[in-house]
Amino acid sequence: MAAPKVRFLTKIYHPNVDKLGRICLDILKDKWSPALQIRTVLLSIQALMSAPNPDDPLDENVARHWKTNEVDAMNTARQWTAAHAQPA
């Protein structure tokens, strides 16, 4: 059984998510096991969203921003959330 295909459809400013919404998370790639439940996958994504890993990025520009000015990067992430992820 292959790992599930998970991606964000909404634009997100995060070093571990690329412009196509793909997520850099080991359990979605080489650490996948059929024993994992969808709950585990979702909890892992939630943890990654709240604790970005700019040392293993999918988006180098966002990672660089995160490493050089985390406060400003988080403000940009909030702005993207307001612009792209808020209900109309």
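Trainee: In what order do the elements of the chain run, starting from the N terminus?

Mentor: From the N terminus on, the order is α-α-α. The chain has 3 helices and 0 strands, where helices (H or I, at least four residues) and strands (E, at least two) are DSSP runs, numbered from the N terminus. Residues are numbered from 1 along each chain as its sequence is written. This is a predicted model, in which local features need pLDDT of at least 70 and side-chain atom pairs pLDDT 80 or more, while totals for chains, interfaces and linings use all residues, and side-chain values use heavy atoms, without hydrogens and water.

Trainee: What box do the C-alpha atoms of the chain fill?

Mentor: Along the principal axes, that box is roughly 40 × 35 × 20 Å. Over residues 1-86, the chain is 43% helix and 0% strand, with the end C-alpha atoms 35 Å apart.

Trainee: How many salt bridges does a search of the whole structure find?

Mentor: Side chains of opposite charge can pair when their charged atoms come close. A salt bridge here is a side-chain nitrogen of Lys or Arg within 4 Å of a carboxyl oxygen of Asp or Glu. The search of the whole structure finds 3. Aspartate 18 and arginine 22 meet in one of them, at 2.6 Å from N to O.

Trainee: Which residue forms a salt bridge with aspartate 59?

Mentor: The partner is lysine 19, and the closest N and O atoms are 3.3 Å apart. Aspartate 59 lies in the loop between α1 (38-50) and α2 (60-68) and lysine 19 in the segment before α1, so the pair ties together parts 40 residues apart in sequence. Aspartate 59 is buried at 10% relative accessibility, whereas lysine 19 is exposed at 71%.

Trainee: Which side chain does lysine 67 meet in a salt bridge?

Mentor: Lysine 67 meets aspartate 55, at 2.9 Å from N to O. Lysine 67 is in helix α2 and aspartate 55 in the loop between α1 and α2, 12 residues apart, and the pair links distant parts of the chain. Lysine 67 is exposed, with a relative accessible area of 53%, and aspartate 55 is exposed as well, at 62%.

Trainee: Where is alanine 35 placed?

Mentor: Alanine 35 is in the segment before α1, and is exposed at 65% relative accessible area. Alanine 35 and alanine 51 are 16 residues apart along the chain, and their C-alpha atoms are separated by 25 Å.

Trainee: How many residues line the largest pocket?

Mentor: A pocket is an open set of points on a 1 Å grid where a 1.4 Å probe fits, with protein on both sides within 12 Å along at least five of seven lines; lining residues have an atom within 4 Å of a point. Here 16 residues line the largest pocket, and Ile12, Tyr13, Met49, Ala77 and Thr81 lie nearest its centre.

Trainee: Which helix gives the most to that lining?

Mentor: α3 gives the most, with 5 residues. Both α1 and α3 (70-84) supply at least two residues each to the lining of the largest pocket.

Notes:
Buried means under 20% relative accessible area, exposed over 50%, partly exposed in between (1.4 Å probe, protein chains only).
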